[in-house]
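Trainee: Could we go through this structure together? I would like to start with one part and then move on.

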Amino acid sequence: MREKAVERRNVNKEHNSNFKAGYIPIDEERLHKTGLRGRKGNLAICVIILLFILAVINLIITLVIWAVIRIGPNGCDSMEFHETGLLRFKQVSDMGVIRPLYKSTVGGRRNENLVITGNNQPIVFQQGTTKLSVEKNKTSITSDIGMQFFDPRTQNILFSTDYETHEFHLPSGVKSLNVQKASTERITSNATSDLNIKVDGRAIVRGNEGVFIMGKTIEFHMGGNMELKAENSIILNGTVMVNTTRLPSSSSGDQFGSGDWVRYKLCVCADGTLFKVPVTGQNMGCQISDNPCGNTH
């Protein structure tokens, strides 16, 4: 027992005096340096800079949205968002291009007008191939599939180009229609008004199965020539009057045989058939060998 106690005392004494037990030498310069070092430190700096740039961009976007939409303590001062999907602008808005969603509607309030202004530029409404352009001096509508105007309250059709279902009628207040080319089955006027077709240059009226012009009085006024062409026949039914004041004439008969003039006489059959006869002398009639009138002339 005494030997074991002495041995234990010596072991404890040795351990208590051994201050180097578990000691690891440490460089004094690195003793107070902690955290990321080397490549990891550079990567952390880059991430911090990137987050700072994103924060600055987010701040700029937020300020722009705040200035445009005018968000305040009471909400948005310039527009309202409704649960039905309605977006209402409460103040004057400056926009470039508006692209509504499918089957969307752009309108104004019940008792207020919807004012759309273009700064020295036309206002264009376009849906597919249909386009409405409002300019300073004119308003044009172009469409490849047709167009239709109706009253949204009564659903009455005011104007339609669906000729198979509705006849083409000018809207109330429209006195004239200016077109470059029109394809239709017939053109008529009201019973109490005249139908006037005016052109600045040349007018061509063509029918695939013929052209029929009917009226109480039909007048043609032209500054140049009038040309009538038909594959079969031209029928003038009624009283035909030709004003010859502007037709070329010759006071003497010495030019009949010369090569400077080629003159024809307009002849009409009893059934209304027109034909021409070359004039070779004075007081020449319509008797020719190949008379289209036959026995009646």
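Predicted model: local features only at pLDDT ≥ 70, side-chain atom pairs only at ≥ 80, totals over all residues.

Trainee: In which sense do strand 6 and strand 7 pair, and over how many bridges?

Mentor: They pair in the antiparallel sense, and 4 bridges link strand 7 to strand 6, which covers residues 130-134.

Trainee: Which residue is the bridge partner of Ser 133?

Mentor: That partner is Ser 140, which lies in strand 7.

Trainee: And where is Asp 144 found?

Mentor: Asp 144 sits in the loop that runs between strand 7 (139-142) and strand 8 (148-150).

Trainee: Is Asp 144 buried or exposed, then?

Mentor: Asp 144 counts as exposed because its relative accessible area is 66%, and the cut-off for exposed is over 50%.

Trainee: How far apart are Asp 144 and Thr 129?

Mentor: In sequence they are 15 residues apart, while in space their C-alpha atoms are 6.3 Å apart.

Trainee: New topic: what does the UniProt record say about residues 43-69?

Mentor: The unreviewed UniProt entry annotates residues 43-69 as a "transmembrane region". In the model, that stretch is 100% helix and 0% strand, and its end C-alpha atoms are 39 Å apart.

Trainee: Lastly, which residues make up the largest nonpolar core?

Mentor: That core has 5 residues, namely Cys 267, Cys 269, Phe 275, Val 277 and Cys 293.

Trainee: What is Cys 293 in contact with, leaving aside its neighbours within four places in sequence?

Mentor: With those neighbours left aside, Cys 293 is in contact with Cys 269 and Phe 275.

Notes
Residues numbered from 1 in each chain as written. Heavy atoms only, no water. Helix = DSSP H or I, 4+ residues; strand = E, 2+ residues; numbered from the N terminus. Buried < 20%, exposed > 50% of the residue type's maximum accessible area, 1.4 Å probe, protein only. Pairing = 2+ DSSP bridges. UniProt positions renumbered as here; feature names shortened; annotations may be inferred. Core = buried A, V, L, I, M, F, W, Y, C linked by side-chain atoms within 4.5 Å. Contact = heavy atoms within 4.5 Å.
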